[in-house]
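Have a look at the picture first, then read on.

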Amino acid sequence: MNNSEQIEGRSLAEILKIRREKLQKIKELNFNPYGYEFPKTHSCNDVIDNFDQLENEATVKVAGRLMAIRRMGRASFCHIQDEDGRIQIYFQENKIGKPGYKLFKLLDIGDIIGITGSVFKTRTGEITVAATELKLLAKNLRPIPIVKEKDGNVFDAFTDKEQRYRQRYLDLIVNPSIKEVFKLRSKIIQWTREFLDGYDFLEVETPVLQPIYGGAFAKPFKTFYNVLNRDFYLRIADELYLKRLIIGGFEKVYEISKNFRNEGVDRNHNPEFTSLEFYQTYVDYNYLMDFMEEYFKFMIKKIGKSQFEFGEHIIDFSNPFEKRKMFDLIEEYIGCDVKPLSEDELRSLCEERGIEGKPGYKYGKFIELLFDNFVEHHLIQPTFVIDYPKEISPLAKTKRNGSDKIVERFELYIGGQEFANAFTELNDPTEQRERLEKQSRLRELGDEEAQAMDIDFITAMEYGMPPTGGVGLGIDRVVMLFTNQKSIKDVIFFPQMRT
RNA sequence: GGGCGCAUAGCUCAGUCGGUAGAGCAACGGCCUUUUAAGCCGUGGGUCGCAGGUUCGAUCCCUGCUGCGCUCACCA
């Protein structure tokens, strides 16, 4: 890394040196290259949108980053870019004065400037600000990639993914259209709050730093708390804390939380990701399915369309979401009913189909294995998969009027991917203790992702936890869906990169 | 972690069937007061990701490493 920087630096060095020399010249001309403030009167788009009122009368003040310069002797055109748009600036020596034009000549693409001027339309019809005053607000010392465009064709786009992710600020400057993705991300989170607040949910905060991690199956990030002289973990989920609040008497709570999982990074996984969890007392998973459907209907209404291109698929939210039993789906896609099969029979079935469980896999894991391999990717339109094996759902309540091996749980699949996971929550502390003890045994047998026994949580439940339904929803994936991004890296400003 | 692919100027890319590299944009100098991928003339800029190996000679071939992408595994 250091070596390559030196090599790059050699050719960059000249450019950097020239920029610093310009900085010096600017100072010598008694201009401050780093301004303190600039009271804008309009954004670039404001000027364009209000051209009719602004033309030939008002003085406007606009500010932004210089993105293009076309010098023609004693007059020049530029474009500046602000958060939402661009506008052309016209510099004329006899309008802005000799000192001003001298300063202008020392500008580079990438500088941040403030312009005072009047609004007009050029010969070719482009709305432009004719500068009467130029204020340098921040001198650029490092060249930014130059992207040009004509008739919708982009030339020399800044496309290197590594650099775009590592220097996201450059990506945002040079590829401003990606801002739309992040703006929608922000909206989605805002609308999620609006939706839940509309149902009188309480937004809460629970610990990120946890002495025992739980609520999901995942490997945690571990840290050490010096004062307490013990290990702590970054949360993999906030479930067990939200349930403590339910026990405490709050009836509807939610948290939008960063969770951390010490696992592989790929197109769909970032070690640090955002999820929504919400819990509502006195409802079950049937209620939650309707509620989730309503949530998505709320979102698409906000966005303003009901069909979304997502990779090679079109996801249509206008139809009711399907509800399918996990075992029925497995039967449909592998052509055999696995309900009556024993653990050993399931193991052989998996082997026959060319998939292999890891050592220590049990009944529920084999069911999951079959589902993941043969069913998941078929579930394109929004589908609730319901009734999961108990063994892989230690926090969910046993299915009423059904097999003792099944729990009341659903996952929502869209575009072949899991979006949400929900249960009728187990509220029987005795059973909860047994289930977590079983997990502990698996853990001792080497299953790193088995859940830990959380005695404090069991104790809390022994005080009485009302019947509750709870949902976890992957916010990053929702953003990917609604913005048609193929990689989670494209919906997270600063995705995890190797250092 | 496995497989495949990529890494050449600040950016986007060419190229060398092995003889140490080019273009456009950007930069620098000059001309130009309605341009817009501005134009015209001129100039500079690269130990071709890193480390080894083969070779008279490697940016090119081989091996290893690093990073990124795709994919599989993993992943509730």
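Start with Lys-365, a partly exposed residue whose relative accessible area is 25%. Keep in mind that you're looking at a predicted model. Which residue does Lys-365 form a salt bridge with? The partner is Glu-368, and the closest N and O atoms are 3.6 Å apart. Both residues sit in helix α13 (residues 363-374), and because they are three residues apart there, about one helical turn separates them. Glu-368 is partly exposed too, with a relative accessible area of 23%.

Helix α12 (residues 343-352) holds another pair, Arg-347 and Asp-344, again three residues apart and so separated by about one helical turn. Their side chains meet in a salt bridge, 2.9 Å from N to O. Arg-347 counts as partly exposed because its relative accessible area is 29%.

Lys-139 forms a salt bridge with Asp-108, and their closest N and O atoms are 2.8 Å apart. This one links distant parts of the chain: Lys-139 is in the loop between β5 (127-138) and β6 (148-150), while Asp-108 is in the loop between α5 (98-105) and β4 (112-121), 31 residues away. Are these two buried or exposed? Lys-139 and Asp-108 are both buried.

| Positive residue | Negative residue | N to O distance |
| Lys-139 | Asp-108 | 2.8 Å |
| Arg-347 | Asp-344 | 2.9 Å |
| Lys-365 | Glu-368 | 3.6 Å |

Why would such pairs form at all? Side chains of opposite charge can pair when their charged atoms come close. A search of the whole structure turns up 39 salt bridges. Chain A has 72 positive and 81 negative side chains, and the centres of those two sets lie 8 Å apart.

Tyr-225, Val-227 and Leu-228 make a nonpolar surface patch of about 310 Å². Leu-228 is in the loop between β10 (222-225) and β11 (230-234), and with a relative accessible area of 48% Leu-228 is partly exposed.

Finally, zoom out. Chain A has 499 residues, 49% of which count as buried, and its secondary structure comes to 16 helices and 20 strands. The C-alpha trace spans about 90 × 50 × 50 Å along its principal axes.

Terms used. Residues numbered from 1 in each chain as written. Chains lettered and ligands numbered in written order. Predicted model: local features only at pLDDT ≥ 70, side-chain atom pairs only at ≥ 80, totals over all residues. Heavy atoms only, no water. Patch = residues over 30% accessible without salt bridge, like charges linked within 9 Å, V, L, I, M, F, W, Y side chains within 5 Å. Areas by Shrake-Rupley, 256 points an atom, 1.4 Å probe, with all protein chains shown as cover. Salt bridge = Lys/Arg side-chain N within 4 Å of Asp/Glu carboxyl O. Helix = DSSP H or I, 4+ residues; strand = E, 2+ residues; numbered from the N terminus. Buried < 20%, exposed > 50% of the residue type's maximum accessible area, 1.4 Å probe, protein only. Lys, Arg positive; Asp, Glu negative; His and termini not counted. Charge placed at Lys NZ, Arg CZ, Asp CG, Glu CD.
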